Amino acid sequence: MKQKILGSLVGVALGDALGMPTEFMTQQAISEKYGVVRELCAPHQEHYHHHYLTRAQITDDTEQTLALLDAFFRHGKLNADVADEALVTWAKEKDVFNSTYLGPSSKKALQRLMSGEDPQETGFFGTTIGGAMRMLPVALTCLGDLEQAIETAVEVSMPTHGTSLAISGATSMAAALVESFAVVADQESVISAACHGAERGLAYGYPYPAPSIAKRIRWAVNLSVSAPDLQSALSELYDYVGVDMVPHEIVPVVMALFARPEEPMELLIGAANIGGDTDTIASMLGALLGAHYGVDVFPVAMWKEIETVNKIDLEKYAAQVWQRIEDRRACS
């Protein structure tokens, strides 16, 4: 379990940094500018991140994940108020309004949170993937309890992504992650948990008309596993499911790649080259792969470089999570 916890954290950061240079590029543009991104690299000189981010640098996907964990360590719980504090603190410390990676839903909600509005209401217009991308802390604090993870995912989503669509994506990801940590989990059980979480999440938040994430997960998985190879799967998912920053595209694509038979690192590289919201797709996929397979599937040199460049200690975070688990066991 220690290796799975560290693996999930490393997967978030590694996927984020791998996908950052290709974010919101088409598959054709990625091929023209980079060939195939297989290693950490700096953004191309024509990319909008070029003047702001460097090789191995993380973005909001990892930063918000770690901010929520920091808040959990301070308060011993995760809910809307704790998420509010975590996100506002992160926004101020990272000066995110002057960054190139703050999403539209998060930007609007953060402005409302900073003005003192109720975190249960500030995310009522958030429809993007920002809630689902930060679900790893929810899973880590609810290991073995899928229903508790779903309820916590709703709370943590509300400050910025409080629509039924966004919450459905978040509860899907939280449920999939909880299942990924289970010793007896397999790819099908993780996909089934994702579908269950997506359906449960529709009961919460501001009702928003959108496709069924659960049904799109099954559709995307079928497309992916029917493809003869990974590159064909990437093309099919790009053309049919989509890779924009919305839950009904990103969550199905992540689950569809997770369901493929290739080695985990090859899948993560595929996510970084699929196009669209690549840093978030790869970050979410990395969390699932690390939780399911453990940290050993990721090259040590790559994630150690990320730690150095971003001045973060993922092993320390993993140790703190493990200590909380041990403390909880001692009290039960």
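Here's a quick briefing on ring pairs, helices and a few individual residues in this structure. It's a predicted model, so local features need pLDDT of at least 70 and side-chain atom pairs count only at pLDDT 80 or more, while totals for chains, interfaces and linings use all residues. Residues are numbered from 1 along each chain as its sequence is written, and side-chain values use heavy atoms, with hydrogens and water left out.

**Aromatic rings**

- There are four aromatic pairs in the structure; rings of Phe, Tyr and Trp (its six-membered ring) pair if their centres lie within 6.5 Å, with planes under 30 degrees apart called stacked, over 60 edge-to-face and the rest tilted.
- Phe-124 and Tyr-206 make a tilted pair, because their ring centres are 5.8 Å apart and their planes sit at 40°.
- That pair links distant parts of the chain, 82 residues apart: Phe-124 is in the loop between α5 (104-114) and α6 (136-141), and Tyr-206 in the loop between α9 (187-201) and α10 (213-226). Helices here are DSSP runs (H or I, at least four residues), numbered from the N terminus.
- Phe-124 is partly exposed at 27% relative accessibility, and Tyr-206 is partly exposed at 40%. For the cut-offs, buried means under 20% relative accessible area, exposed over 50%, and partly exposed in between (1.4 Å probe, protein chains only).
- Phe-72, Phe-73 and Tyr-317 are linked into a cluster by ring pairs.
- Arg-324 puts its charged end over the ring of Phe-72, 5.3 Å from the centre; the test is NZ of Lys or CZ of Arg within 6 Å of the ring centre and within 35 degrees of the ring normal.

**Helices**

- Helix α1 (residues 2-19) is largely enclosed by the rest of the structure, because 16 of its 18 residues are buried.
- Helices α7 (residues 146-157) and α8 (residues 164-181) have axes that come within 9 Å and cross at roughly 145°. Axes are lines fitted to C-alpha atoms, for helices over the stretch in contact, and angles run from 0 to 180 degrees between N-to-C directions.
- On the α7 side, the residues meeting α8 include Leu-146, Ala-149 and Ile-150, and those in α8 include Ile-167, Ala-170 and Thr-171. Contact means heavy atoms within 4.5 Å.

**Two residues to look at**

- Ser-224 is in helix α10 and buried, with a relative accessible area of 0%.
- Leaving aside neighbours within four places in sequence, Ser-224 is in contact with Ala-233, Leu-237, Ala-256, Leu-257 and Arg-260.
- Phe-24 is in the loop between α1 and α2 (27-34) and counts as partly exposed at 34% relative accessibility.

Technical notes:
Helices (H or I, at least four residues) and strands (E, at least two) are DSSP runs, numbered from the N terminus.
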